[in-house]
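Biologist: Please take a close look at one part of this model, the salt bridges, and start with a single residue. Then go on from there to whatever else the coordinates let you say.

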Amino acid sequence: MSSSSRNILITGAGLVGSLLSIYLKRRGYDVSIYERRGDMRKEAVEAGRSINLALSDRGIKALREVGIADEVLQIAIPMHGRHIHQPDGSHAFQPYGKEGQYINSVSRRELNAKLMDLAEREGVQIFFDHACQDVDWNACQLQLRHGSDTVTRPFDLLFGADGAYSATRLAHMLKHPKFEYQQYYIDCGYKELSIPAGANGTFLLEKNALHIWPRKEYMLIALPNLDGTFTGTLFFPFEGETSFEKLTTKESVTAFFAEHFPDVVPLIPDLEEQFFRNPTASLVTVKCAPWIRGDHFALIGDAAHAIVPFFGQGMNAGFEDCSVLHELLERHGEDWGRILHDFQELRKPDADAIADLAVNNFTEMRARTADPKFLLQKKVEAWVHEQHPDKWIPAYSQVTFSPQIRYSEALRNSQRQEAIMQQVMQQPGIEENWKTDAVKDRILKGLEQGIMG
């Protein structure tokens, strides 16, 4: 069947579904998207549901492949590093990578709207208020609920891109005899708290940074928006002595922020109102298999591999899915059985790896970024990387700025490098003597002994 006659349906008009439709439409396929919600471009923003995203090199690579990166980057703000805020009011800047390397803060809503506009410009049809109810796998028909009606749509190829709580995945797993599924929630939920702009749209915090208030068991972060505001997000335990369940009155919220985030209080005049108005949401990791059915179905993006946001890679991983699929189309032409098989074989190990990396980075962000020993370790790693960029790449740079390195490879490398650094940081006097040939030689010896590579 030629591309022009193959009917491809996508469930979910989110970031990945919209981008995927552009890839496929550019190749001549007949593409339609079915989205359970209404058109977000025509609806008011729900308070506390606009969590910002960090667009980095893997995602940008995919956007460049379909020629829309420059247009998307117009609605993004570069962030060159972490700006760490301590309880005593002191703060410090930690660059993400080498000079010129940065990630981009972008509004989920604005980016999604931009991608939907671009998809429709290509000729993709998007049907809103159409929720997946079931899939007839024998007849290759998608069953949707539209208002009080049930609508049936035939397909040659169906992509489930409908997010972490995918209804399409459910239809797949309930009728697959050996479907493996696991999900787990971290002990923290999140709540958004918007920091308004200053006079004439000025930024009340450093514009080109991701701001973090690390407090060991919890943290607050803030990402900049084009209008001078910051989207703040409190990652906080659901239960326990210090948790959402304890902050039940305006007085308790005021007292808590005054003690633990004193520099934030003057930035958010309506802090208490936002705290109780905005919802508290949970964070889930999803791993599953198989993602595919023969040559006519595949899960993609969060529907295949939902992850927590602490490495800023959820969207980037989904966009990279599209890029890998594009490469396989270039390689295998119209052999969709082989394309989908190879897609799963390539992406499943990487999806599992970035899921684990993201959970691990939560610990680093909320606890270790304020630890002097950890900060010294990062300085040592950066110094070694400057001396030997071909032998040592910091874990963050491997994930964020090195799309040629697979997530699974980055995970293995980071584990080996961490083992070396733990040995180095145990040396007596390392605080004074870290920038010496002896330290460098010890690290290089570890590399040569195969701890890395």
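Modeller: Glutamate 35 has a relative accessibility of 5%, and the limit for buried is under 20%, so glutamate 35 counts as buried. The model is a predicted one, and every value here is computed from it. Glutamate 35 forms a salt bridge with arginine 37, and their closest N and O atoms are 2.8 Å apart. Arginine 37, at a relative accessible area of 42%, is partly exposed.

The largest cavity is lined by Ala13, Glu35, Arg37, Gly38, Met40, Met116 and Phe128. Its volume is about 30 Å³, and the count of cavities of 30 Å³ or more comes to one. By residue class, the lining holds four nonpolar residues, one polar and two charged.

Another is formed by the side chains of arginine 58 and glutamate 320, at 3.0 Å from N to O. Arginine 58 is part of helix H2 (residues 57–65) and glutamate 320 of helix H9 (residues 314–332), so this contact ties together parts that lie 262 residues apart in sequence. Here both arginine 58 and glutamate 320 are buried. The two residues also belong to a network of salt bridges, in which Arg58, Glu320, Asp321, Arg347, Asp350 and Arg406 are linked.

A further salt bridge brings together the side chains of lysine 373 and glutamate 431, with 3.3 Å between N and O. Lysine 373 sits in helix H11 (residues 372–387) and glutamate 431 in helix H14 (residues 430–433), so the pair ties together parts 58 residues apart in sequence. Lysine 373 is partly exposed at 34% relative accessibility, and glutamate 431 is partly exposed at 42%.

Next, the backbone. Two residues other than glycine have a positive phi: cysteine 140, near 55°, and asparagine 200, near 60°. Each is in a loop between strands: cysteine 140 between S9 (131–136) and S10 (141–146), asparagine 200 between S14 (188–195) and S15 (210–214). Cysteine 140 is buried, at 17% relative accessible area, whereas asparagine 200 is exposed, at 83%. A cis peptide bond, with omega about -5°, joins alanine 289 and proline 290. Proline 290 is in the loop between strand S18 (284–289) and strand S19 (292–293).

Three strands form an open sheet in the order S3-S7-S4, with antiparallel pairing. Strands S3 (53–55) and S4 (76–79) are at the edges, and each has a single partner strand, so one side of each has no neighbour in the sheet. On average, neighbouring strands in this sheet are turned by 40° against each other, direction ignored. S4 and strand S7 (residues 103–106) run antiparallel and are joined by four bridges. Isoleucine 77 has serine 105 in S7 as its bridge partner.

How values were computed. Residues numbered from 1 in each chain as written. Predicted model: local features only at pLDDT ≥ 70, side-chain atom pairs only at ≥ 80, totals over all residues. Heavy atoms only, no water. Pairing = 2+ DSSP bridges. Helix = DSSP H or I, 4+ residues; strand = E, 2+ residues; numbered from the N terminus. Axes fitted to C-alpha atoms, helices over the stretch in contact; angles between N-to-C directions. 1 Å grid on protein atoms, 1.4 Å probe; cavity = no way out; pocket = protein on both sides within 12 Å on 5 of 7 lines; lining within 4 Å. Points joined across faces, edges and corners; volume = space filled by probe spheres on them. Nonpolar A, V, L, I, M, F, W, Y, C, P; charged D, E, K, R; others polar. Buried < 20%, exposed > 50% of the residue type's maximum accessible area, 1.4 Å probe, protein only. Salt bridge = Lys/Arg side-chain N within 4 Å of Asp/Glu carboxyl O.
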